[in-house]
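Hi,

Here is the structure I said I'd pass on. Have a look at it first, then read my notes below.

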Amino acid sequence: MDQKKLNIIGAIVAFVGIVVSFLLAIEYFGLGTSNIAEGACSALGGDGSCTKVAESKYSFITFPVLGNVPIAAFGFGFYATILYLFGLNVKSGNELENKDRINVIFGLSILALLLDLALLTISIWVIGTVCQLCAITYFVTIALIGISYVLLKTSAISLTDITRSIV
């Protein structure tokens, strides 16, 4: 598969992450008693699990000026950034810049997976349930790693190039 198609697929997968993160933010803020996020979670077989996770003390980070910011907002920002980078790769003809963006996508996706693993561990062992919408974001992150890895392989980028882009 050529790189342009892989970048388009990556952009679509990142967009799915944006939508699911938005739904998770809606769930966190409890907008409406029967909102779309609750319906989506129930449709996935997670009756009440999304609400339980959203209401836990692990669903947000407290900042001095901003107050409680839901983890989903960080996911939204992450997926939006990845979508933007894949979009730039689709439009750009500059091979070197595309390689640098792929490095960044891969590095950020690895960091996101580490965070996802921590959140999954908290969900299972502390909260006692796994939010189905959260699980979708975990799979989206894994898919982004896979897509960016294939792009790295087709671009013949070395490990030192990846670490240079991250650092």
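A quick definition to start: helices are DSSP runs of H or I with at least four residues, numbered from the N terminus (strands are E runs of at least two). Keep in mind that this is a predicted model, where local features need pLDDT of at least 70 and side-chain atom pairs count only at pLDDT 80 or more, while totals for chains, interfaces and linings use all residues. Residues are numbered from 1 along each chain as its sequence is written, and side-chain values use heavy atoms, without hydrogens or water.

Now the pocket. H1, H3 (49–54), H4 (71–91), H5 (95–127) and H6 each supply at least two residues of the largest pocket's lining, and H5 gives the most, nine residues. Closest to the pocket's centre, out of 31 lining residues, are Ile71, Ala72, Asp116, Leu119 and Thr137. By class, the lining has 22 nonpolar, seven polar and two charged residues. (Ala, Val, Leu, Ile, Met, Phe, Trp, Tyr, Cys and Pro count as nonpolar, Asp, Glu, Lys and Arg as charged, and the others, Gly among them, as polar.)

Next, a helix pair. H1 (residues 3–29) and H6 (residues 132–155) pack at about 160°, so they are roughly antiparallel (that label needs over 145 degrees; under 35 is roughly parallel, 65 to 115 roughly perpendicular, the rest oblique). Their contact has 17 nonpolar, eight polar and no charged residues.

Last, the end of H1: Gly30 follows this helix, and its phi is positive, near 60°.

Cheers

How values were computed: Axes are lines fitted to C-alpha atoms, for helices over the stretch in contact, and angles run from 0 to 180 degrees between N-to-C directions. On a 1 Å grid over the protein atoms alone, a cavity is a set of points where a 1.4 Å probe fits but cannot get out, and a pocket is an open set with protein on both sides within 12 Å along at least five of seven lines; lining residues have an atom within 4 Å of a point.
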